[in-house]
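Hello,

Here is the structure we talked about passing on. Please look at it first, then read the notes below.

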Amino acid sequence: MDETKNIKTKVILYILLFIVAVVILFPFVWIFLTSLKTAGDITCYPPKFIFDASWDNYKSLFKTSQTGAAASTLNFSRYYINSLIIAGFGTLLSLIIGFGAGYTLTRAKFKKESTRENVAFTLISFWFGPELAIILPLYIFFNKLNLLDNHLALILAYQLIGIPFTIWLSRSFFSDVPASVEESSRIDGYTALQTFWKITFPMVKSGLAATAILTFIFEWNNFLFALVIGGRNTMPVTTGALGFISYEAALWGQMAAAIILSSIPQLIIAMFAQKNMARGLTFGAVKG
Amino acid sequence: MYRLEVKNITKNFGKTTAVKNLSFNCEEGETITLLGPTGAGKTTTLRCLAGLEELTSGKIYLDGKDISNIPPNHRELAMFFENYALYPHMTVRENMAYPLKAPSRRKEFNKEKIDKRVQEIAELLQISELLDRKPTELSGGQKQRTALGRTLVRKPKVFLLDEPIAHLDAVLRHRMRGEMKSIFQKLGCTVIYVTHDYREALSIGDRILVIRKGELVQLAIAEDIWSRMNNVFVAKLAGDPPINIFKGILHTEEGNFKIELKKQKTDIVFESKKENLKKWEEKEVLLGIRPNNITISTIKKPNSINGTLSAIEAMSSSYEITVSISEGKMIKVKSKINFKDLLNKPIWVNIDSERIHLFNCQDEESIYHGRIL
């Protein structure tokens with residue numbers, strides 16, 4: 001009786017999970033299939049699920065001599081490198097500043113305890129602000145500094161998303177480390193910095209890894225800053241993919257291939273760090 | 001081992017004063033217990049000694065050297081935290097070895113020496129078989145031993161222990177109380193031990209420092225805390241059930257003293273040769289009597305108060321009896337006999353007038369102690 005009931009629940013569970021998987025994966029599979037189709041197959045109706053797959057779209061992304069007005073301006077590998085530079089260094093900078101601030105906001109002694117929350121909230125509130133609201137001032141700002149179409153400008157602009165996010169998340173991880181554990185280490189003969197590396201860091205590293213991954217994904221996916229502040233030389237994949245839609249034609253197949261390629265770093269990181277992600281994101285909730 | 005001198009230390013947090021002008025000495029090899037209710041400033045005092053809190057004023061000397069401004073990692077003190085503060089990512093062995101691996105002790109301890117020392121202390125605390133476990137795999141008692149082991153593993157100048165056995169179950173707590181004392185004696189340590197439990201304080205401390213609102217109330221040996229308390233606060237703090245207190249007026253009568261308990265309509269008569277008692281004549285005083293110095297009877301005897309026996313609680317080796325007297329006041333009595341038959345019946349409580357304590361009514365300071373046990 002119990003066993004059949006068990007199997008029933010399992011079957012229902014798997015069906016539900018399958019539905020969820022289909023809903024989540026469908027766009028991804030669709031794009032992947034599109035990237036393997038020829039232009040004719042893409043636009044035909046009803047959509048073809050069986051067709052002659054080819055890697056031509058991928059190959060054309062990296063070809064130097066291309067036909068058509070849209071394609072001639074495209075340089076996908078360049079966009080890719082731009083994305084890696086901007087999101088990579090952007091994340092690094094966010095982590096260095098954000099973790100430092102997160103830790104300080106957790107442990108530093110403030111004269112008034114309310115100051116701590118006020119400072120933290122002010123910093124974190126940058127994250128709430130809509131990007132559209134600041135994009136124009138930011139454009140003028142970087143224009144005056146002569147930094148438009150410059151990697152540094154994008155890296156700095158990304159800090160508006162990166163730093164508040166890393167502060168907010170890392171702070172919650174740091175505050176899960178009991179102060180007495182750090183104090184105990186101080187009394188055991190270690191300096192504050194040694195205590196941080198030997199005690200605090202190992203306790204929060206899964207959380208920090210999760211923070212790092214999410215920050216990278218946010219910065220990699222950013223579109224608006226790259227569109228307004230970036231330019232021909234600094235265009236990352238997000239805005240680069242736009243180039244496939246032009247006055248003459250929309251190169252759906254190449255665009256799909258570009259999208260698939262641009263999501264690879266995130267996929268690799270997420271898979272690689274899945275364990276850390278899960279542990280990190282549940283760190284505060286589940287205490288041993 | 002070393003001598004610790006605390007001189008007039010004060011610690012303010014904003015406008016609140018946690019420790020106020022506290023001074024005491026802890027001699028070499030001595031155990032002092034800090035006793036006080038929650039929020040009395042015991043832990044803050046300990047944290048000041050450890051260097052975790054900056055002093056607002058005052059000095060701390062260790063063997064004559066001023067350590068007030070030395071950071072915690074250079075103070076050479078070991079501290080046990082109430083929540084154990086074990087390092088969760090390290091095994092028991094790594095936790096215990098951690099203080100020995102500190103940069104300042106690197107020269108003194110090589111790997112073999114560390115292993116040997118950890119093993120020694122683990123055997124002393126009977127946790128040898130747990131050395132490769134992580135703190136999450138330990139029970140409360142085992143965590144407590146591990147934390148104690150980490151405190152004992154290096155030979156610090158002074159041990160600071162914050163409620164080391166407060167969170168253990170009753171049986172274990174009782175056993176550890178005895179063990180702690182013997183470990184301290186075996187190692188000959190200088191110890192400052194914080195507790196809110198008077199039994200623990202009295203049994204472990206060579207001297208007991210009673211603290212209230214950050215101020216020293218009494219620093220004395222256990223017998224004195226019990227029988228020659230400085231004031232009502234100390235009297236109430238030590239003792240379970242707590243001491244009974246009555247308000248009365250002191251008279252002299254035919255060479256004897258008499259306390260007139262107006263509300264209870266009774267006189268308590270006692271003999272004393274203490275001349276200084278005379279100056280309290282005809283003044284209001286507080287009479288204190290411990291529950292074990294009161295007996296219950298059905299007939300009126302001298303120094304008796306009448307009341308109704310309202311509750312009996314069975315304790316391990318005695319009964320705790322509550323007697324209601326006039327105006328809703330209760331008297332607690334500790335007795336070997338179970339007066340079950342007298343429940344809710346009128347009875348007399350007889351006060352052993354030789355063992356009473358008297359306190360000044362204004363500041364509640366002690367003015368007289370009866371015969372010591």
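**Notes on the interface and a sheet**

Between chain A and chain B there are 3 salt bridges, a salt bridge being a side-chain nitrogen of Lys or Arg within 4 Å of a carboxyl oxygen of Asp or Glu. One of the salt bridges joins the side chains of A:Glu183 and B:Arg47, at 2.7 Å from N to O.

This is a predicted model, in which local features need pLDDT of at least 70 and side-chain atom pairs count only at pLDDT 80 or more, while totals for chains, interfaces and linings use all residues. Residues are numbered from 1 along each chain as its sequence is written, chains are lettered from A in the order in which they are written, and side-chain values use heavy atoms, without hydrogens and water.

The contact (heavy atoms within 4.5 Å) involves 18 residues from chain A and 28 residues from chain B. About 1900 Å² is buried between the two chains, 57% of it from carbon and sulfur atoms; buried area is the accessible area (1.4 Å probe) that two parts lose on being put together, summed over both. On the side of chain A, A:Ile187, A:Asp188 and A:Tyr190 lose the most area to chain B, together 35% of what that side buries.

Chain B has an open sheet of 6 strands in the order S6-S7-S8-S3-S9-S10, with mixed pairing. Strands are DSSP runs of E, at least two residues, numbered from the N terminus, and two of them pair if DSSP finds at least two bridges between them. S6 (77-80) and S10 (215-220) of chain B are at the edges with a single partner strand each, so one side of each has no neighbour in the sheet.

Regards

Conventions. Helix = DSSP H or I, 4+ residues; strand = E, 2+ residues; numbered from the N terminus.
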